[in-house]
Amino acid sequence: MERTRAPFAALREALHAAEERTRLPVARLLLLVLLLSVPLWPMVDSRWLRILVLVGIFVVLGLGLNIVVGYAGLLDLGFVAFFATGAYTYAILASPASPALQADLNWWLAIPVVLALGAAVGVMLGLFVLPLRGDYLAIVTLGFGEIIRILLLNVRGLTNGAQGLFNIPRPELGGWVLRSLDQWYWLLVLSAFLIATAVGRMRASRMGRAWEAIREDEDVAAGMGVNTVKYKLMAFAMGASIGSFGGLVFAGFFQFVNPSSFTLAVSINVLSIVVIGGMGSTPGVLFGALILIGLPEVMQFSETERLLSVINPAVPFADTTDWGRQVASARFIVFGVLLVAVMALRPEGLFPARRPQARLPERHESTA
Amino acid sequence: MRLSTRWVRVSWLLVLMLAMALTVVACGSSDDEATGTPVATGTAVAGGATATVAPPESGYPVITVGAGEPIKIGISTILTGDLQALGIPIAQAAELAGKDVTIEGHAITFERKDDQCSSEGGTSAAQQLIDAGVVGVVGPVCSSSVIASQPLYEEAGITTISPSSTAVASTAPAGRAPYATFFRVTYNDAIQGPALAKFASETLTAAKVYVVFFNDAYGQGLKDEFEKAYTGEVLGSEGFEKGATDFSSIVTNIEQAKPDAVFFSGFFGEAVPFITQLRESGQTMPFLSADGVRDEQFITLAGAAAEGAYLSLPSPTLSGDVYTTFKTGYLAAYGKEADTSPFTAESYDAASVLIAALKQVAEVDGATLKIDLGKLRDAIAASDLTGAIGRIAFDEKGDNAGGETPVSFFIVKDGQFVPFEG
Amino acid sequence: MFWFDQFVNGLTVGSVYALIALGYTLVYGILQMINFAHGEIFMIGAFAGWAVLLLLGGSAIAGPMLIVALLAAMIAAALASSFSAVVIERVAYRRLRNAPRLAPLISAIGVSIALQNVALKLTGGRDRVYPRVFPTGEVGLGDFSVGYIQAFLIGSSVVMMVGLIVFIQRTRTGRAMRAVSEDRATASLMGVDVDRTIVTTFIVGAALAGVAGVLQGLWIPNIRGTMGFLPGIKAFTAAVVGGIGSVPGAMAGGYFLGLSETVGRELLNELPGVSLPNEWRDVIAFSLLVIVLIVRPTGIFGERVSKRA
């Protein structure tokens, strides 16, 4: 163990030193460059990229929920409501199939609209649930998510009901249309990076400390003079805003929305990503999304099937078809078992969040 | 009150944000009008119904099948979740059509991908099939997967033939021409809905009906077409969600409204509890439903309650030589009857159309085989053959216009679907 | 009698919710965890009861044999559900007892997804159907009549709930359960075997859900791998409305939810200009939930939660 850990420690030291010297988040920038280079890797084809785009959307959602659940400790089981808000806002304002209005809104101009509307919906929900705690909060948010989905189904004059809204335009800027998978991937990496940075700053600020206080004990926090109402609403607004942005990307990428994409399963997936990754941890969200969203898809890749077929004769499992196909069709069983296993082995998640530490600019304080 | 002042402030914040949002929307739309340039996509064609089909922007690729390698056909269907009982037989039926077929010495293999009947699953399956180098695709099964994946297949120049997508939008997308690379074997809701309405008012002589529908793309779509065409009075129209079990409240409403007939737009999974509760509460009015319920499981599960139910199928009564070949072949290969599950014959035909077109356009080039996907698409568009469900020939939008009596009716009698003649 | 019928409909579906909700509330009371896999316990019970009914002759069951068969099916369902719950508790929850609050929730979600998909794989995604052995017909006076099966369902659930209250209030084990739910550490110091009490709680809750599965099967006929998910969510809602952790609360919550979906919706439809067909059912149920919780933030029978955020 020690031997494998040593190079990492050395690397961390080196990065740390570089950060001290340049006053830049060197480690984070390196990670960004690494992530941005993924489409250039030889093994990465469009299948991988398409999955990575979906993973990226869930990273964005995870970062949003992380504020609500991870930082402020407010258990939200209806996060899909914000995702739907973003996706449908853009779809209604941009799709030619939209029955109510033809606004032809440009995707890029939709960003501020969606962020603001998302925040507004977040505050609205926040106002409703202010007096609620813990699992009472969980069930009301779950209900809120379901209500939004049923509204999308039933308010057909606006949403086109179960048929959904299609041919939603791609992002377009002065004639340049965002269409290839690597462009979408880069857009997502950059926006996730920006969001993660912004969220990191919020967390290190007064607001972040207020959230932490609320999470640890709301009554004590209020007693210590933390304006719990304001900061709880802020958490909902921020989380909802980010979640809506995820929806905006979803609508622009798939060019089609219908209510069956906005079920409770999405809320459960995002929550699982946050908890499996480690509550309040940003790298946790990244890895959580990679595992929970990426794995079920990769498990039905032809390569995986072929790989498993090689071991097939050794295992008496297959009936009429080969083992690879069996595993591909049983991948949600594996998914469920995986959730149980990760929690059993790492109850704190894969990358437990470290508390933010205020570091003084001068080094002489930390000679020890 | 500290709280109340907060609420006031927050409300202001809300109002402000909304105002901001609205301003941006207004700016956004006026912006586009001002520049007035037709946006680069250039696909907005007026009058979707009569529009001509636009070819894919990037053209069609030519796929080379190496010496001794098989030709790959993709299948996009539902392999997991509670609709797998619908999706797996569809895949099996398609695979049956390619069994033992060789084209210039090349066998045919099928790549199955799970689209989970969702838009995300549909696109993911599409990407995997495109990257696997398939020459054509049978599927997707569900309209939501179809609509989400159409742009991808179109861009890759790969033709898809859906056995079962009944949504009108699949061949008549809003704001653009129909996709050149999409065809479907089954008939859409716009044909089945009016036929059901006519059946209700003329054959059942029902002046008042009560409508119960599955609140999804299929149930809503078919119900809309039915209500549009029905000349009598719709006393009530109530929706339910996937997995609904308790219909007692709707049944009580029906008891109160006293309709002449009940029209159910949905799948057998929910039709079973509904008709059981309806019949056990003593209601005897005719029950009318469509293809989603015309499944062997409806009879096995609902038993006595299913007796006397009227069901439609958007295809002629299945008979004929090809159907017999398919039926016996299916039974031999999978050990069960093909008609226990809907859309198997359609799937067999979709694969057959694809294979027949492949035979026409595959060109031998030394030891390899060259398949021009553009020519393949045109051959599919021009196909005219007799399949298990009858004659198949596509119109310019990609709908099957081959059948002469596209909607047939059945009645459940002694635990069997019996063709019902007026 | 329209209103009477709708009231009975509400009670019927409410009984199923209440029986499942009891399992949520018992486990929550003792471990403060949401046992998300409880809906699947209900599903397992339904399948076990179905298997027993088929073994005993399926639709040929009649006469006095019917009572034996129904009892056997319910007992088998209770056993199968309890056994599954014990295994799940041992495998997925026990080691997470002192873990962060959301870890057991995610583990439970994992169990739920895995069990659903295993059941779907085993059944090939095809529904199974309960033999229609229960006599059809109605009991009651004139307009005020109830179908046999609905009467049986409501009646048996009431009997079971009374049994549960007696069990909790009057037996040693029941007292131990109450003690552990009050204060686990102190109960342990007073000589209560905490592990055993927790397992007992899971068994009791699961048995109720298993029997609920059989009752629903007798009423609805078709059963499937995903049948537990929706009732599970509804029952969880019911438990929270009633005040999670409170036994009378879960019962009240179940009936409240069942009645609001049926009578509540029809009452709203009586208002001028309001038309809320069945597709709005869950919106009404969840809106009422929000209203109840805004008025009483800890549910109808809940105690004030101060520390736990």
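This is a predicted model: local features need pLDDT of at least 70, side-chain atom pairs count only at pLDDT 80 or more; totals for chains, interfaces and linings use all residues.
F167(C), I168(C), Q169(C) and R170(C) of α5(C) meet G174(C), M177(C) and R178(C) of α6(C), where contact means C-beta atoms, placed from the backbone, within 7 Å. By class, this contact has 3 nonpolar, 2 polar and 2 charged residues.

Helix α9 (residues 229-242) of chain C has 14 residues and spans 20 Å from its first C-alpha to its last, close to the 20 Å expected at 1.5 Å a residue. Of the 14 residues of α9(C), 13 are buried (20 or more other C-beta atoms within 10 Å of the residue's own). Just after α9(C), G243(C) has a positive phi of about 105 degrees.

Between the chains, 39 residues from chain A and 39 residues from chain C take part in the contact. On the side of chain A that touches chain C, α6(A) gives the largest share, 11 residues. That side of chain A divides into 25 nonpolar, 6 polar and 8 charged residues.

Residues are numbered from 1 along each chain as its sequence is written, and chains are lettered from A and ligands numbered from 1 in the order in which they are written. Local features need pLDDT of at least 70 and side-chain atom pairs count only at pLDDT 80 or more, while totals for chains, interfaces and linings use all residues.

Conventions. Helices (H or I, at least four residues) and strands (E, at least two) are DSSP runs, numbered from the N terminus. The expected span of a helix is 1.5 Å times one less than its number of residues. A residue is buried if 20 or more other C-beta atoms lie within 10 Å of its own, exposed if 12 or fewer, and partly exposed in between; C-beta atoms are placed from the backbone. Two residues are in contact if their C-beta atoms, placed from the backbone, lie within 7 Å. Ala, Val, Leu, Ile, Met, Phe, Trp, Tyr, Cys and Pro count as nonpolar, Asp, Glu, Lys and Arg as charged, and the others, Gly among them, as polar.
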